[in-house]
Amino acid sequence: MCPTTADSIRSYVRHGKTAPQWSRWPAPPRSRPRPAPRVTEDLQMAQAARVKEQLIPQPVQCPQVEIAVSCEPFSAVGGDYVDVLPMPDGRILVALGDVCGKGVSAALVATATHGMIHSGVADGHNVQTLVQRLDAYLRTFWTDGLFVTLVCVAIDPATGATQAVNAGHLPVLI
């Protein structure tokens with residue numbers, strides 16, 4: 001059994017010796033030098049921006065409805081969220097949201113929102129249930145004042161009927 005640091009110090013003190021200066025021991029050598037912090041931060045932001053770009057929806061092919069999406073975020077990464085995806089019942093879901101805050105933390109919440117919306121649609125939930133489940137998730141895991149405003153609209157291409165839920169977002173024109 002290896003002695004702990006405290007045991008070693010007690011042993012030195014009992015035998016009238018002074019304890020070695022633990023803080024003066026040299027640090028173990030690093031296997032490779034650390035990159036400059038700014039270079040690493042810039043690289044991480046560029047990677048985060050690429051991930052965020054990949055979340056911008058692809059066009060949904062539907063002859064009865066034409067949907068165009070454009071997203072011009074203020075910064076490379078942030079809390080802007082837009083999505084268009086087909087629902088199992090044949091409708092098309094359009095979701096538009098904004099996370100309170102800026103930067104990487106807002107982008108993480110927007111990405112979590114994206115995942116929850118896609119998961120709920122794949123499970124066949126209606127728009128109201130999607131938003132309720134997202135709200136419950138965000139309240140559970142994001143308790144430090146972050147929140148999402150969101151509007152979700154399900155469009156039935158065959159009839160033109162819509163079902164919309166607005167969760168604190170600005171009004172939308174359909």
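How many bridges join β2 to strand β3 (residues 148-155)? Eight, and the two strands run antiparallel.

This is a predicted model, so to speak of a local feature we need pLDDT of at least 70, and side-chain atom pairs count only at pLDDT 80 or more, while totals for chains, interfaces and linings use all residues. Residues are numbered from 1 along each chain as its sequence is written, and side-chain values use heavy atoms, with hydrogens and water left out.

**View 1. Strand β2 and its partners.** Strands here are DSSP runs (E, at least two residues) and helices are too (H or I, at least four), numbered from the N terminus. Strands pair if DSSP finds at least two bridges between them. β2 meets β1 (residues 80-86) in the antiparallel sense over seven bridges, with D80 opposite D98. Over on β3, C152 is the bridge partner of A95. In the β1-β2 hairpin, five residues sit between the strands, and G90 takes a positive phi near 95°.

**View 2. The largest pocket.** This pocket has a volume of about 310 Å³ and 15 lining residues, with I67, V94, L96, V153 and L173 nearest its centre. β2 and β3 are the elements giving two or more residues to the lining. A pocket, on a 1 Å grid over the protein atoms alone, is an open set of points with protein on both sides within 12 Å along at least five of seven lines, and lining residues have an atom within 4 Å of a point. The volume is the space filled by probe spheres set on the points, which are joined across faces, edges and corners.

View 3. Buried means under 20% relative accessible area, exposed over 50%, and partly exposed in between (1.4 Å probe, protein chains only). D89 and R91 pair up with their closest N and O atoms 2.9 Å apart; D89 is exposed at 51%, whereas R91 is buried at 15%. R139 and D135 meet at 3.0 Å, N to O. Those two are four residues apart in helix α4, so about one helical turn separates them.

**View 4. A110 in helix α3.** A110 lies in α3 (residues 103-122) and is buried, with a relative accessible area of 2%. Its C-alpha atom is 6.4 Å from that of V99, 11 residues away along the chain.

Definitions and conventions:
On a 1 Å grid over the protein atoms alone, a cavity is a set of points where a 1.4 Å probe fits but cannot get out, and a pocket is an open set with protein on both sides within 12 Å along at least five of seven lines; lining residues have an atom within 4 Å of a point. A salt bridge is a side-chain nitrogen of Lys or Arg within 4 Å of a carboxyl oxygen of Asp or Glu.
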